[in-house]
Amino acid sequence: MRSSVSIRDVAVRAGVSVGTVSNVLNHPDRVAQATRARVLSAISDLGFVRNESARQLRAGTARAIGLVVLDVANPFFTDVARGVEDVASQAGHAVILCNSDESAQREIRHLELLAEQRVHGVLITPSDPSLEPIRRLQRRGVSVVLLDHPSSEPDICSVAVDNRTGGELAVTHLLAEGHQAIVMVNGPAHIRQGRERHLGALDALRKANRDSDLLEVIEVPMLNVAAGLRAGERLLARTSRPTAVFCANDMLALGVLQVMVRAGVRVPDDLAIVGYDDIDFAAAAAVPLTSVRQPRQLIGRTAAELVIAETMSPDEHEHQRVVFTPELVVRESSRRRRRTRRPARRVPAPAGSEV
Ligand code: RIB
């Protein structure tokens, strides 16, 4: 368990910096006798207990950090992993990549394996909404950072992108293009990212004084191309189709796009399509895909920096909640035909949505 008294409390009590307290604990010879006495007195008065389990754990641990992602086949996570590895390798750490396939059971097994490997820290996009498996890992002294998952918990770092603003950007764009019947292809309710994007889509309708019935949701079991293909086939089989589709990520959108192009459906004239992530394949698609861009490598770098900082100085570390703002990149898959081809246009998030 973590001491309720932090190293910062000791520093304030003794009237010194956190670094001085750390030196008293780790390099007492570097601290003047009188200062050392003040710090030790504050430690005694406050009952400060250093995070020994984490220190002992680190003493005999692999210089590695675990990275648990929802779908290793999704380029979003490949790009995030690239950012993680850039930072980890510079800090002399290896990265152990695990794929949960959006399964809470697989996630638990991966976390147990990483604890056995004595990794320094773990970055995870959680499948289990309770976060209990992650709490168990923390109680074993392993530092954890939630990745692509905002958290308001005071004792864990998180790095995410404002999914709700992203969903609003996508549907506001489709409404501005004149669409009256929009389908959202979304993942299962336990995947928080899609749930929040759907809330943002409803925000766009409300702000435009449009009825929420204008948006219909088709739920698919996984956020991958195969599920997008199946959703595209369902839309194709309809007699009355929507004029626009907003997909919870680019993998779904690429599946829908493939079905429509193969069937001769004109994109965007017969059906506009918007994705989410802006992976590299989005711009290279048969019809370049409009998508909500997430700063994928930056997410990975930021999360890796936080987990390494915490493992190096668990007592001094202050947890952070980092939330980036997405932007909409408009391309041919949703932009009404113009006589001249125009480059992709970026649409910043609405004013006041900075997070
Ligand atoms: O894993 C599902 C989705 O959530 C990814 O495509 C990415 O958008 C993440 O935020």
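This is a predicted model: local features need pLDDT of at least 70, side-chain atom pairs count only at pLDDT 80 or more; totals for chains, interfaces and linings use all residues.
1. Residues are numbered from 1 along each chain as its sequence is written, and side-chain values use heavy atoms, with hydrogens and water left out.

2. Now for the overall layout. The C-alpha trace spans about 80 × 40 × 35 Å along its principal axes. The chain is assigned domain 1 (7–50), domain 2 (60–161 + 296–324) and domain 3 (163–294 + 327–350); such bounds come from an automatic or database domain assignment. Between the C-alpha centres of domain 1 and domain 3 there are 56 Å.

3. Of its 355 residues, 54% are buried, where buried means under 20% relative accessible area, exposed over 50% and partly exposed in between (1.4 Å probe, protein chains only). Taking contacts (heavy atoms within 4.5 Å) between residues at least 6 apart in sequence, 70% join residues at least 24 apart.

4. Which residues touch the most other members of the largest nonpolar core? They are Leu123 and Phe246, in a core of 74 residues. A nonpolar core is a set of buried Ala, Val, Leu, Ile, Met, Phe, Trp, Tyr and Cys residues joined through side-chain atoms within 4.5 Å. Domain 2 (60–161 + 296–324) and domain 3 (163–294 + 327–350) each supply at least three residues to this core. A separate second core has 16 residues, among them Val122, Ile134, Leu137 and Ile156. As background, nonpolar side chains tend to be buried together in soluble globular proteins.

5. Leu123 deserves a look of its own. Leaving out residues up to four places away in sequence, its contacts include Ile65, Gly66, Leu67, Val68 and Val84. Val145, Leu147, Ala303, Ala304 and Val307 are also touched by Leu123.

6. On to the aromatic rings, where one pair is found in the structure. Phe76 and Phe77 have ring centres 4.9 Å apart and planes at 85°, so they form an edge-to-face pair. For reference, rings of Phe, Tyr and Trp (its six-membered ring) pair if their centres lie within 6.5 Å; planes under 30 degrees apart count as stacked, over 60 as edge-to-face and the rest as tilted. Phe76 is buried because its relative accessibility is 3%, and Phe77 is buried at 6%.

7. There is also a charge over a ring to visit. Arg197 sits over the face of Tyr276, 3.7 Å from the ring centre. The criterion asks for NZ of Lys or CZ of Arg within 6 Å of the ring centre and within 35 degrees of the ring normal.

8. What about the cysteines? Zero disulfides turn up in a search of the whole structure, a disulfide being a pair of cysteine sulfur atoms within 2.5 Å. Cys98 is buried at 4% relative accessibility, and Cys157 is buried at 0%.

9. Glu177 occupies the loop between α8 (163–176) and β6 (182–186) and is buried at 10% relative accessibility. Beyond its neighbours within four places in sequence, Glu177 contacts Ser334, Arg335 and Arg336. Asp9 belongs to helix α1 (residues 7–14) and is partly exposed, with a relative accessible area of 36%. Asp9 and Phe48 are 39 residues apart in sequence, and their C-alpha atoms are 8.6 Å apart in space.

Note on methods
Helices (H or I, at least four residues) and strands (E, at least two) are DSSP runs, numbered from the N terminus.
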